[in-house]
Amino acid sequence: MKDALIKGGFVFDPLNGVDGEKMDISLSNGRVVEKVGRGAEVVDATGMTVMPGGVDLHSHIAGSKINIGRLMRPEDHRKDQVPKGPITRGGVGYSCPSTFVTGYRYAQMGYTSVMEAAMPPLSARHVHEELNDTPIIDKAAFTLFGNNYFTLKYVRDGDHDRLKAFVAWLLRASRGYAVKIVNPGGVENWKWGRNVNGLDGNVDDYGITPRQIITSLARVNEELGLPHTIHLHCNNLGMPGNYKTTIDTMEVAKAVKPADGRKTTIHVVHVQFNALAGSNWGNVKSGAPMIAEYVNANPHVTLDLGQAIFTDTTTMTGDGPWQFNLWNMTGNKWVNSDVEMEAGAGVVPYTFKANNPANSVQWGIGVELALQVKDPWRVYMTTDHPNGGPFTFYPQVMAWLMSRKARTDAMNDMNKAIMKRTDLANNYREYTFSDLAVTTRAGTARALGLKDKGHLGVGADADVAVYRVNPETWRPSQYKELEKAFGRAAYTVKGGQVVVKDGEVVAAPMGATHWVDARVPEGLEKELMKDVEEEFKKYYTVSLRNYPVEDAYLPVQLVHRATGGEA
Amino acid sequence: MRYEDVVCPFCGCLCDDLEVSVEDGHITEVKNACGISRSKFMNHGANRLEHPMVDGKKASLDSAVKEAVDLLSKAERPLVYGLSSTECGAIGKAVEIAETMGGIIDNTSSVCHGPTILALQQVGESKASLGEIRNRADLVIFWGSNPTEAHLRHITRYSGMPKGMYVPEGRKGRKIIVVDVRETGSGKLADRFIKVRPGSDFELLQALRACVRGRELPAEEVAGVPMAEVKELADQMKEARFGIVFFGLGLTQSEGRHMNIDAAVGLVAELNRHTKFVLTPMRGHYNVAGANTVTTWQTGYPYAVDFSRGYPRYNPGEFTSVDLLSRGEVDATLVVASDPASNFPVDAATNLAKMPVVTLEQKTTPTTMMSKVAIPVATAGVEAEGTAYRMDGVPLRLKKLVEPPKGVHPDEEVLDMILKGLKEAKR
């Protein structure tokens, strides 16, 4: 591959303290380098914005859940049909895009790394097969732990060591990147058709609480030195008044000692759905100020938005009981899918409507969280694709964060509840380009512990996005231009190769799948396996030998060694 | 050499506990398998298609591929069909071939559980992996399905006999009910057999749903079942701790088709307001679930996908193979791992015989005999690796136990040769 030189752009590289300076970025052999010689391919970025490639830390792009969404929604696909191109595959888009289209569209927005947020270990092969059919971007998947039989059992028995060994083993067996927890205990109770009643509710057959599950997994996570913190979908999602549960949950992780090199111990996902104040959907209002106040005072927490978009989308979570509730509320079609010993999932189509008071409040909560949490390094822009809305709406969200006018124009079209039940009208904050780079790449890469992503220092991965907007002359009133620029990157460079030019895909190489190799002492691992083997025979319907994901499913892999655990 | 924990490539149960002994490159013994599975392993070498054939004459692989490319690239409305008895890599290639040709891709679900998918697209589905059934179900209903003859180890391995976490007694801890038009082998094994009048499943399902909702129906019997028994069954379902309906072609391919499944899904959803209830289709071919899965992640749609406009379009009834062939709309067909000449209705099979057909098969079949080009392939799960999806969506890795006959390649490799040829021909 030829060397490349991104020339003359305004560079935003917050991890290296670069804030809109005019400079050239040199790329060679897939890395950022000091300089390249003559003969390098020159990418003319004059007058444009240059950032590291985008890093999405929470999205549903691969595996059984999104594929149920695709399967059940032919009507969604009809809105967005994508023909085959000279070098691209055909497919469908909108809320449940086909794998190829997912890769192309992320790259077209300058995103080069995307995390699949929920992988049931039993169907990990499915996730990896789909990731292998998702071109261009690097990716990783988070393994579900919060309702796994072994987690619950070891928490019940207070067997911390074996829990640690289990987390290390299952990450390896599923080729996962992080510890994902969804409605801890609630999904287990859902297997009998029930939910768990908040942080201190009872996990029926185990006599433990979600609080214990979260504490144990957070401790194990940090002791193993995993690159990312626990990645948590709270209890009580979608229930007005739940902002209290969310704050209590964040507080649970406060006493946990973080792994070397970071201050954070918990990432709370799509907080929009978990920052509801009020007591029912009729009087729901924003709980964002209370959450922001807590986050501003407590450096151990990071969060992402799960911003709501006014469109027809498809909700899909590992939170079976919540999806059942949503089916009862909407009467839309409902798929439930329980996975033995480990997890569950539900899928329900949903339309966020601007004229609906509750939906407009939800919209406001997402934006408020982004604006009221003062430190952009700890609040990340997502839509929890496709739950809040499809990821292709990111440019709109960026505009709302960067332009008060964009927000005001949007709010003028909404139900009046947005003015009364959120405090957005009084918020004048506007993200800078640097803030935007933090919330969409530098901050997310740091939270994930992806040391070579999210920045453009020497040695970083040669993943670069160039946007056709001049940060020196752009004014917030021109938010439509910003939307356009961030929707169709002038250039996206992945691993040193130009993959998007003028918003069109010009090359579709295969990205890597990242996973974490964590280890515990051999004796402990042996002890664990003895138990796992016995339990598999009794309760699983696949044999233990057929459970771990084979190398064949990771043709391009990047292994991260965890830093702790051995001692 | 003995292989343990081998995955069986026969039916949707995808049992993964087989032990296979191999000596001198031949399979000599198979343990833990059902009769059909053992026969598949032991006889995988019998009746093989020995050479690539073009116009009924032996040909080299290269010339057979070249001929296949030639006739497929000349076709105006080519169809790719089959795919449920091969591994996922081959299915992916087949989708790309259809896309490259601007043709249609369809798999065998269009003649089995296609209606199940149509119902899912209308109303959804509440389902669970088979281990959930093993560990929790105390009420198991087989409706229009007959595992004792079609999924031989289903009852012993997953749904009836095994001890589970909350069913420590095994069979004694479960009630099994069979609903069918006649008493099958499964019916004899059940605690209760309910005989439904042929073509009336929809009525019975709706009546049950009404009963679960607490509605009184002014009828003495429904679908041949006395009202008292309908009520009793509804109560039994409501009172179960964890219930499951396994349904088969008795529901999907009888009067009402997808409406039957719609009614079953509605009944099960309703039951979730009282207890935990799920349903799962009894998928036949071992990887028909994989054919739907791969086609869906690549195109958005599970079967009956047309690429003639460059982007995928989905319309069962229009782009399903039997309909296309019966109407004479197709002018060339690529068949992979299926035998439509034996199985399709006569109109469709007759039209198939009139056009150039390319078939990838392990064995000599009526379809290979009527094909212009027939190419022998390795047997996935015996001679080639790959992924297969169990009836409940659990993906497993198929193993390679023995070498395929000399010069014989896996489906995926042969499809890749054809794909490369087609891309070349387009230039």
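These legends go with a set of close-up views of the predicted model.

Because this is a prediction, local features need pLDDT of at least 70 and side-chain atom pairs count only at pLDDT 80 or more, while totals for chains, interfaces and linings use all residues. Residues are numbered from 1 along each chain as its sequence is written, with chains lettered from A and ligands numbered from 1 in the order in which they are written.

**View 1. Where chain A meets chain B.**
The contact draws 46 residues from chain A and 50 residues from chain B (two residues are in contact if their C-beta atoms, placed from the backbone, lie within 7 Å). On the chain A side, the elements that each supply at least two residues include α1 (64-72), α3 (99-108) and β18 (334-339). Helices here are DSSP runs of H or I with at least four residues, strands are runs of E with at least two, and both are numbered from the N terminus. β18(A) gives the most to this side, with six residues. By type, the chain A side splits into 17 nonpolar, 16 polar and 13 charged residues. Here Ala, Val, Leu, Ile, Met, Phe, Trp, Tyr, Cys and Pro count as nonpolar, Asp, Glu, Lys and Arg as charged, and the others, Gly among them, as polar.

**View 2. A strand pairing across the two chains.**
β18(A) runs parallel to strand β8 (residues 124-128) of chain B, and five bridges join them. Strands count as paired if DSSP finds at least two bridges between them. To find your way around, look for Asp338(A), whose bridge partner in β8(B) is Ala128(B).

**View 3. β19(A) and the strands beside it.**
Eight of the nine residues of strand β19 (residues 343-351) of chain A are buried, so the rest of the structure largely encloses this strand. Buried means 20 or more other C-beta atoms within 10 Å of the residue's own, with C-beta atoms placed from the backbone. Strand β17 (residues 312-317) of chain A pairs with β19(A) in the antiparallel sense over six bridges, and Thr313(A) has Tyr350(A) as its bridge partner. β18(A) also pairs antiparallel with β19(A), over five bridges; there, Asn336(A) stands opposite Gly346(A). β18(A) and β19(A) make a hairpin with three residues between them, and Met341(A) in the turn has a positive phi of about 70 degrees.

**View 4. Two helices of chain A packed together.**
Helix α10 (residues 288-297) and helix α12 (residues 357-372) of chain A pack at an angle of about 25 degrees, with their axes 9 Å apart. Axes are lines fitted to C-alpha atoms, for helices over the stretch in contact, and angles run from 0 to 180 degrees between N-to-C directions. α10(A) and α12(A) are therefore roughly parallel (angles under 35 degrees count as such). Among the residues making the contact are Ile291(A) from α10(A) and Leu369(A) from α12(A). The contact residues divide into six nonpolar, one polar and one charged.

**View 5. The five-stranded sheet of chain B.**
Five strands line up as β11-β10-β9-β14-β15 in an open sheet of chain B, with parallel pairing. β11 (192-195) and β15 (276-281) of chain B stand at the edges with a single partner strand each, so one side of each has no neighbour in the sheet. Strand β9 (residues 139-143) and strand β14 (residues 242-247) of chain B run parallel, joined by five bridges. Ile141(B) stands opposite Val245(B) in β14(B). Helix α12 (residues 258-271) of chain B lies across β14 and β15 of chain B, at about 155 degrees to β15(B).

Technical notes: Buried ≥ 20, exposed ≤ 12 C-beta atoms within 10 Å, placed from the backbone. Parallel < 35°, antiparallel > 145°, perpendicular 65-115°, else oblique.
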